[in-house]
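Here's a quick tour of one model, for someone who likes to know the cut-offs. Have the structure open while you read.

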Amino acid sequence: MMMVKAPAKINLSLDVLHKRPDGFHEVEMVMTTVDLADRIELDETKGTRIRIISHDRFVPSDHRNLAYKAAEKLQKKYNVKKGVDITIHKQIPVAAGLAGGSSDAAAALKGLNELWSLGLSNDELAEVGSEIGSDVAFCIYGGTALATGRGEKIQELPTPPKCWVILAKPSIGVSTADIYQNLKLEKVDHPNTAKMVQAIEEGDYQGVCDHLGNALESVTLQLYPEVKHIKEQMQRFGADAVLMSGSGPTVFGLVQYESKVHRVVNGLRGFCDQVFAVRMLGSRAPLA
Ligand SMILES: C[C@@](CO)(OP(=O)(O)O)[C@H](O)COP(=O)(O)OP(=O)(O)OC[C@H]1O[C@@H](n2ccc(N)nc2=O)[C@H](O)[C@@H]1O
Ligand SMILES: Nc1ncnc2c1ncn2[C@@H]1O[C@H](COP(=O)(O)OP(=O)(O)O)[C@@H](O)[C@H]1O
């Protein structure tokens, strides 16, 4: 039996540059992992079957599960004649803009690399991962990174300045494909990625707050007014800066001082059932 942690991510900035001939969008994202994590349990089995076990009703338990796809890809690519039971202990809200499914897939890839003695490097795992979803490569490395291409080209960044991250997840799920489909490129409010990278490199907390930005935010806010409402509430309760993560609907607020965290969390709990106060993980985790 093996346990692997699968942390959630937030996008400190997310810019969409153009639509590509393959239907995906070229992006520039600054991403960082936070200490809200699923736990992935891997148990060897006798046959070659892959089985997903999860008690969360929103998690698919068949080939649609990204962790299933991860195991299947490794089996096929490296001719593995072994099976596995993958138990997903879900903590990350599903379809939330926090890359829960992608992180589960990355954790499965890292764990199975060990369990099946494949000897693959993180770069090789990230390449397999990018065939499963745009966010999987980032989740292999974790930490903080600039992601380009459709999200799969990863450049490591230093640990951002220390602060708290308050996550508030409205009770709706959002489909990433839907949000990209509704995006009007000529209307995009482009964040300044270079300034965000600079703020992180200089350890400038105020700079990070000033350059939070997400090109998908206005699309989701227009489709789901409750996300806008949560954003406004988080600002009202005193977060230093507030942004929607990924395609949403999770909204995150940065708070520098612990004394303020409880006020923001308690304020939000009144009308949002999933609220978490977490830390950024900062730099890359050691190998699984
Ligand atoms: C928006 C982001 C930001 O981190 O996160 P989430 O909100 O999903 O967490 C990601 O780019 C999401 O990555 P991921 O969830 O892996 O998406 P994928 O499965 O690869 O793609 C789902 C769909 O989104 C659209 N898509 C995705 C990525 C991209 N660069 N351009 C796109 O147009 C495509 O329509 C694609 O079919
Ligand atoms: N292991 C998994 N955990 C959660 N959702 C998964 C998983 N595998 C596949 N999915 C599917 O992926 C969709 C997006 O889920 P998720 O990765 O949580 O969100 P997001 O892409 O917004 O970060 C879900 O609606 C679900 O059907």
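## Ground rules

A contact here means that the C-beta atoms of two residues, placed from the backbone, lie within 7 Å. Helices (H or I, at least four residues) and strands (E, at least two) are DSSP runs, numbered from the N terminus.

This is a predicted model, where local features need pLDDT of at least 70 and side-chain atom pairs count only at pLDDT 80 or more, while totals for chains, interfaces and linings use all residues. Residues are numbered from 1 along each chain as its sequence is written, and chains are lettered from A and ligands numbered from 1 in the order in which they are written.

## Two helices packing

Start with H1 (residues 66-77) and H2 (residues 100-115): they pack at about 35°, their axes 7 Å apart. Those axes are lines fitted to C-alpha atoms over the stretch in contact, with angles running from 0 to 180 degrees between N-to-C directions.

On the H1 side, the contact is made by Leu66, Ala67, Lys69, Ala70, Ala71 and Leu74, which meet Gly101, Ser102, Asp104, Ala105, Ala108, Leu109 and Leu112 in H2. That set splits into 9 nonpolar, 2 polar and 2 charged residues (nonpolar: Ala, Val, Leu, Ile, Met, Phe, Trp, Tyr, Cys and Pro; charged: Asp, Glu, Lys and Arg; polar: the others, Gly among them).

Now look at S7 (residues 164-169): 6 of its 6 residues are buried, so the rest of the structure largely encloses it. Buried means 20 or more other C-beta atoms within 10 Å of a residue's own; exposed is 12 or fewer, and partly exposed is in between. In a regular strand the side chains alternate between the two faces of the sheet. In S7, Trp164, Ile166 and Ala168 are buried on one side, and Val165, Leu167 and Lys169 on the other.

Which residues does Ala96 touch, not counting residues up to four places away in sequence? They are Lys169, Pro249 and Thr250. Ala96 counts as buried because it has 23 C-beta neighbours inside 10 Å. Leu98 has 27 such neighbours, so it is buried as well. With neighbours within four places in sequence left aside, Leu98's contacts are Ala8, Lys9, Ile92, Pro93, Ser245 and Thr250.
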